[in-house]
Amino acid sequence: MNITRENLDALNAVVKVDIAKEDYSDKVEKILSDYRKTANIPGFRKGHVPMGMVKKQYGKAVLVDEVNKLLQDALNKYLTEEKLDVLGQPLPKQQDDIDWDGDAFSFEFELGLAPEFDVDLKSKKAIAYYNIVADDKMIDEQVERIQKQYGKLVSQDTVAKASEITGTYTNEAEEIDNKVTLTLDKFKGKSTEKQFIGAKVGDVITLNTKGLYEDDHELMHALKVDHDRAHGLDIEVQFTINEINTRELADLDQELFDKLFGPKVVTSVTEMRAKIKEDAEKQFKQQSDQKLLNDVTEYLVDNTKFDLPAEFLTKWMQASGETELDEAQAKEEYEKSEKSLRYQLIEGKLIQENDIQVTIEDIKGHAKEMIKAQMAQFGQLDPSDEELEGIAARVLGNQEEARRISEQLISQKLIALYKEKANLKTKELSYEKFVKEVYGDK
């Protein structure tokens with residue numbers, strides 16, 4: 001067997017594989033001999049079928065199969081040994097004139113080669129890294145939410161501004177009949193609030209759905225209608241009041257602290273506020289890190305210049321997709337995926353150059369930490385290592401889940417790399433200001 005390569009340019013090559021008779025003949029003869037021993041052909045005893053007849057019936061199919069296996073193995077071995085960094089998979093060149101009655105065969109494959117490029121993490125303009133802090137206003141609001149959540153309901157005769165009202169939305173013609181508990185601050189207009197103030201159990205309030213809530217998604221849940229129907233819905237509904245309650249705030253005492261954080265973990269309001277701040281800022285850090293990852297990714301894709309074998313990749317997408325694509329569809333698909341492909345190449349280079357690795361132990365450790373955090377949410381604060389090992393083994397038995405965790409860890413290591421080597425500017429602000437700056441004032 002002989003394999004040669006012709007580099008057409010820096011991004012495209014053609015590999016030619018020449019297969020001679022001695023490369024496949026012994027294997028083909030052995031398979032045909034095995035066929036002869038088991039072949040059932042009328043007029044001949046099993047194992048006594050003439051070899052000529054076996055070759056006539058099965059020879060070409062066996063030859064084609066073995067040559068193709070030999071071809072794929074040789075090509076894969078060649079790409080590995082030559083350390084060729086290829087994009088997609090080798091594409092066989094169209095050959096309509098293969099003479100399977102001959103002894104020697106030649107095949108050609110097109111290759112798309114990965115480009116050579118450098119990655120520079122030092123942007124001229126510093127990229128913002130957001131240090132999001134939980135300010136006093138946020139902590140006050142969270143403390144009040146906790147007090148309400150763990151407080152007790154006290155029945156009221158009439159609706160007041162802070163009441164929790166349980167009732168039923170109805171519209172017979174529209175088949176709406178849904179029981180909800182609501183607070184007046186959820187409504188969009190002050191006029192709706194005025195309709196409720198002073199109302200009693202049994203009162204029926206007529207409301208127009210258009211502009212009733214700030215967000216049509218809230219209307220969807222309130223009326224229990226589907227997403228498309230809720231948007232722009234303009235009908236009258238009746239709300240029948242079934243219960244009126246006020247929520248008496250829970251005391252900030254040791255009993256509440258133990259419910260929230262475990263026995264004696266927190267012993268004062270000051271410690272509680274510090275714990276709320278700590279937990280909130282852990283969550284904020286995840287958002288900051290994700291924002292940094294997105295921003296550095298965008299910078300790298302926009303500023304790392306290299307060419308791609310676009311024509312080859314378009315042909316490869318056309319040939320390798322689950323559904324058959326014509327040339328125009330394949331070109332459109334390539335254009336959609338080009339940015340993602342560029343980042344994959346950049347990310348791969350960063351991983352290689354900075355020796356970023358994720359081991360099985362890393363994946364298992366991360367899985368155990370995730371499981372431990374989930375168990376803590378349900379009050380299981382101190383699971384045994386044996387218990388965690390067993391659950392982690394079951395989780396990682398799912399290859400898709402193991403792959404997802406591996407990708408998370410790679411992202412974490414890349415974020416650590418960006419923090420170390422990229423040109424960053426730390427910007428400290430509250431979560432409210434972060435949302436406004438990053439996502440707009442919504």
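## The second largest pocket

β7 (164-171), β8 (176-183), α4 (190-196) and α5 (216-223) each put at least two residues into the lining of the second largest pocket. Helices and strands here are DSSP runs (H or I, at least four residues, for helices; E, at least two, for strands), numbered from the N terminus. β8 gives the largest share of that lining, with four residues. A pocket, by the way, is an open set of points on a 1 Å grid over the protein atoms alone, where a 1.4 Å probe fits and there is protein on both sides within 12 Å along at least five of seven lines; lining residues have an atom within 4 Å of a point.

The whole thing is a predicted model, so local features need pLDDT of at least 70, side-chain atom pairs count only at pLDDT 80 or more, and totals for chains, interfaces and linings use all residues. Residues are numbered from 1 along each chain as its sequence is written, and side-chain values use heavy atoms, with hydrogens and water left out.

Back to the pocket: its space comes to about 650 Å³, where a volume is the space filled by probe spheres set on grid points joined across faces, edges and corners. There are 25 lining residues, and Leu182, Thr183, Leu184, Asp185 and Lys186 lie nearest the centre. Sorted by class, you get ten nonpolar, five polar and ten charged residues. Nonpolar covers Ala, Val, Leu, Ile, Met, Phe, Trp, Tyr, Cys and Pro, charged covers Asp, Glu, Lys and Arg, and the others, Gly among them, are polar.

## The largest pocket

The largest pocket holds about 1500 Å³ of space. It has 35 lining residues, and Asp279, Ala280, Lys282, Gln283 and Gln377 are the closest to its centre. Two or more lining residues come from each of α3 (136-150), α7 (254-261), α8 (269-303), α11 (360-377) and α13 (399-421).

Helix α8 has the largest share, at twelve residues.

Ser288 counts as buried because its relative accessibility is 3%; the cut-offs are under 20% relative accessible area for buried, over 50% for exposed, and partly exposed in between (1.4 Å probe, protein chains only). Leaving out residues up to four places away in sequence, Ser288 touches Tyr129, Tyr130 and Ile132, with contact meaning heavy atoms within 4.5 Å. Its side chain reaches the backbone oxygen of Tyr130 at 2.5 Å.

Tyr130 stands opposite Lys427 in β11. The pairing behind this is between β5 (residues 127-133) and β11 (residues 424-430), parallel, over seven bridges; strands pair if DSSP finds at least two bridges between them. Five of the seven residues of β5 are buried.

## Strand β2 and its neighbours

Strand β2 (residues 12-19) is mostly covered, with six of its eight residues buried. On one pairing, six bridges tie β2 to β1 (residues 2-7), antiparallel, and the two form a hairpin with four residues between them. Asn2 stands opposite Asp18 here. Another antiparallel pairing links β2 to β4 (residues 105-113) over eight bridges, where Val15 stands opposite Phe109.

The buried residues of α9 (residues 310-320) include Phe312, Leu313, Thr314 and Met317.

Definitions and conventions: A polar contact is a pair of N or O atoms within 3.5 Å; within protein, one must be able to donate a hydrogen and the other to accept it, and residues adjacent in sequence count only if both atoms are side-chain atoms.
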